[in-house]
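Hi there,

Here is the structure I promised to pass on. Have a look at it first, and my notes follow below.

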Amino acid sequence: MTTTQRWMPNYGEPYQPVPYRPSRMPQDESLTHAAELRDRMERRRTVRMFSPDPVPEQVVLDAIATASTAPSGAHQQPWTFVLVTDPEVRQRIRDAAEAEERVSYEGRLGEEWLSALRPLGTDAVKPHLTEAPYLIVVFQQRYHLLEDGSTHKHYYVDESVGIAVGMLLTALQVAGLSALTHTPSPMRFLAEVLGRPRNEKAFAVIPVGYPAEDCVVPDLHRKSLDQVLVRI
Ligand SMILES: Cc1cc2nc3c(=O)[nH]c(=O)nc-3n(C[C@H](O)[C@H](O)[C@H](O)COP(=O)(O)O)c2cc1C
């Protein structure tokens, strides 16, 4: 199936293989691309202070389209990306998120969680929700809901949506944009504010834009390759 065709559910249809013959990349090109992407991704930082400067919408749409190429359990593509620019809706999201976050930071998270967050300098105030030019609210579809109200179970939903969000963040970084993976907890208010159907559950809110001129980020260090890699 190509991206130009409209996807339709095909539960129970027979296996119909088609040829797949991508041209093989020369190894020196592979080495160059892999190293360039590694360098670019090493420069990625989660940004919490955004510039209001406009961003071409097509860049964001292309990043979402890239995310939607992600592999998924049984190819069920159990994701919805809600792109929010309406200032009034963003203010409602911010108000609801900050109300939840206040309860969280005032004790609901517990001391162990709060101490894990302390080096990040985060608190219950979330200006990025109204200041970044775009919010992408990612929903996971716990099951497929057909127009007649019948349902089909989805498999490996968390894993599939997590991979899609990783690809979204990568696509945004490659296009020169910054983002925040924000998970206000609990996130039930997002489905209500955005009027999502009953099979969808919020997964993350991703403000997108350029960093503010005075943007700062926590001084974090990543694990080295030898700390994450086991060769057998
Ligand atoms: C699943 C997930 C949830 C996160 N939730 C939040 C959040 O609610 N608020 C926030 O400020 N950052 C959040 N982050 C961002 C992390 O704090 C950030 O990725 C981490 O500190 C590493 O920083 P870096 O992305 O700049 O490398 C989240 C990241 C992930 C992957």
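Strand β6, residues 200-209, has 9 of its 10 residues buried, so it is largely enclosed by the rest of the structure. Please keep in mind that this is a predicted model.

Which strands pair with β6? One of them is β2 (residues 134-141), which runs antiparallel to β6 and is joined to it over 8 bridges. Within that pairing, Val138 has Ala204 of β6 as its bridge partner. Strand β5, residues 178-179, is also antiparallel to β6, with 2 bridges between them.

On to strand β4, which spans residues 151-153 and includes Lys153. Is Lys153 buried or exposed? It counts as exposed, because it has 10 C-beta neighbours inside 10 Å, and the cut-off for exposed is 12 or fewer. Arg142 is 11 residues away from Lys153 along the chain, and their C-alpha atoms are 7.3 Å apart.

The residues around the ligand are Arg45, Thr46, Arg48, Leu120, Thr122, Leu180, Thr181, His182, Thr183, Val217 and Leu220. By class, this shell has 5 polar, 4 nonpolar and 2 charged residues.

Finally, the annotation: the unreviewed UniProt entry places "domain: Nitroreductase" at residues 42-210.

Methods. Residues numbered from 1 in each chain as written. Predicted model: local features only at pLDDT ≥ 70, side-chain atom pairs only at ≥ 80, totals over all residues. UniProt positions renumbered as here; feature names shortened; annotations may be inferred. Near = placed C-beta within 6 Å. Nonpolar A, V, L, I, M, F, W, Y, C, P; charged D, E, K, R; others polar. Buried ≥ 20, exposed ≤ 12 C-beta atoms within 10 Å, placed from the backbone. Helix = DSSP H or I, 4+ residues; strand = E, 2+ residues; numbered from the N terminus. Pairing = 2+ DSSP bridges.
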